[in-house]
Number of protein chains: 2
Amino acid sequence: MPPATRWLDDEEQQAWRSYLRAVRLLDEQLRRGLEQHQLSHPEYEILVWLSESPGRALRMSELAQGVLNSRSRLTHTVNRLEGAGWVLRRSCPADGRGVECVLTDSGYTVLQAAAHTHVEGVRRYLLDPLTRKEFLALGASLAKVADAMDPSGRRTT
Amino acid sequence: MPPATRWLDDEEQQAWRSYLRAVRLLDEQLRRGLEQHQLSHPEYEILVWLSESPGRALRMSELAQGVLNSRSRLTHTVNRLEGAGWVLRRSCPADGRGVECVLTDSGYTVLQAAAHTHVEGVRRYLLDPLTRKEFLALGASLAKVADAMDPSGRRTT
DNA sequence: CTAGAGTAGATGAACTTTCAACTTGTAGAG
DNA sequence: CTCTACAAGTTGAAAGTTCATCTACTCTAG
């Protein structure tokens, strides 16, 4: 039998509920923005990571780590993106097992349009309701939270 | 053609990435906690809402609103919960179309165990890395964000 | 009382995600 | 060299989610 549960007090409870609600609602809004460009959130993130990588290309495993997807899930999603012509696969010169995923020009074009919508959404729903100070404090807190769970994923600076 | 994209500046960008990373990682940790009790996050939330409702029962539609699910999704999820014996359905006395979903004793027992694990997870991964002040500030900010998107869902007090 | 519009919920097909194999290739030990 | 262990990626089935549609009931206007 586990020890008695240390419940959250009222203030904590309320903060936690706000977290759940905000995350849910924001996700929904951003999803709506991306769907205007025929992209899901996971797909969008893949395009973003590729676009920021040297040569607009990444090994499948690196990409999977970046977007926090399982390799299997990434395979399926990249299949869809490849079908749409937004990325392509080529085998990795250095490692015979490896596969590189490359962002195509067409993919880059779609990404630019989608990124515009997406950033506007983030601004409207997350930045605008807060002061700059509040937003940065939120970011700093969540950085601590994330680093506590996955120190390796920390972004330098 | 849309107007030029107003990108996030470096600090904002970093805060946004921290948000994404923290939310993803936290979700994953809490999912692992719940799966020890054979519950998914959506299922868990349904049990929580039922347990807090008068008579441990709610109309399907009210429940759907509470957990921010579509009615269809709720139907499927409640099917699973009913199969496990944790909730049951009974037709609504007042409205012939309506269905009430009731938490069973067995469901309540499962919920208590799951809630223990879940709260410990929230503490460990979200509260503990932050000071109380930081956590409450985070909650307050996210409450503003949520209310901006869905004023109706606001919790009084 | 009854026709039409609207609400509650269920259903099944399409799609996405997860999980456990499976294939192919690398690398180190002997 | 070649065996074994492991890493990269894919595959297909099971589980979960979404979407359009369907049935049953309520409510209001005439």
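This is a predicted model: local features need pLDDT of at least 70, side-chain atom pairs count only at pLDDT 80 or more; totals for chains, interfaces and linings use all residues.
Mentor: Residues are numbered from 1 along each chain as its sequence is written, chains are lettered from A in the order in which they are written, and side-chain values use heavy atoms, without hydrogens and water. Local features need pLDDT of at least 70, and side-chain atom pairs count only at pLDDT 80 or more, while totals for chains, interfaces and linings use all residues.

Trainee: Where do A:Trp16 and A:Tyr19 lie?

Mentor: Both belong to helix H1 of chain A, three residues apart, about one turn of the helix. Helices are DSSP runs of H or I with at least four residues, strands are runs of E with at least two, and both are numbered from the N terminus.

Trainee: Why is the pair of A:Trp16 and A:Tyr19 called stacked?

Mentor: The ring centres of A:Trp16 and A:Tyr19 are 5.2 Å apart and the planes are at 15 degrees, so the pair is stacked. Rings of Phe, Tyr and Trp (its six-membered ring) pair if their centres lie within 6.5 Å; planes under 30 degrees apart count as stacked, over 60 as edge-to-face and the rest as tilted.

Trainee: And how many aromatic pairs are there over all chains?

Mentor: There are two. B:Trp16 and B:Tyr19 also form a stacked pair, with 5.2 Å centre to centre and 15 degrees between the planes.

Trainee: Which residues have the most contacts inside the largest nonpolar core?

Mentor: A:Trp16 and A:Tyr19 do, in a core of 43 residues. Such a core is a set of buried Ala, Val, Leu, Ile, Met, Phe, Trp, Tyr and Cys residues joined through side-chain atoms within 4.5 Å. H1(A) gives the most to this core, nine residues.

Trainee: What does A:Tyr19 touch?

Mentor: Leaving out residues up to four places away in sequence, A:Tyr19 touches B:Val23, B:Leu26, B:Leu138 and B:Leu142; contact means heavy atoms within 4.5 Å.

Trainee: Changing topic, which residues come nearest to DNA strand D?

Mentor: Of the 19 residues around DNA strand D, these are A:Ser61, A:Thr75, A:Arg89, B:Ser72 and B:Arg80. A residue is near a strand if one of its heavy atoms lies within 4 Å of it. Sugar and phosphate make up 67% of the atoms of DNA strand D that come within 4 Å of the protein.

Trainee: What lies 2.7 Å from a phosphate oxygen of DNA strand D?

Mentor: A polar side-chain atom of B:Arg80 does.

Conventions
A polar contact is a pair of N or O atoms within 3.5 Å; within protein, one must be able to donate a hydrogen and the other to accept it, and residues adjacent in sequence count only if both atoms are side-chain atoms. Buried means under 20% relative accessible area, exposed over 50%, partly exposed in between (1.4 Å probe, protein chains only).
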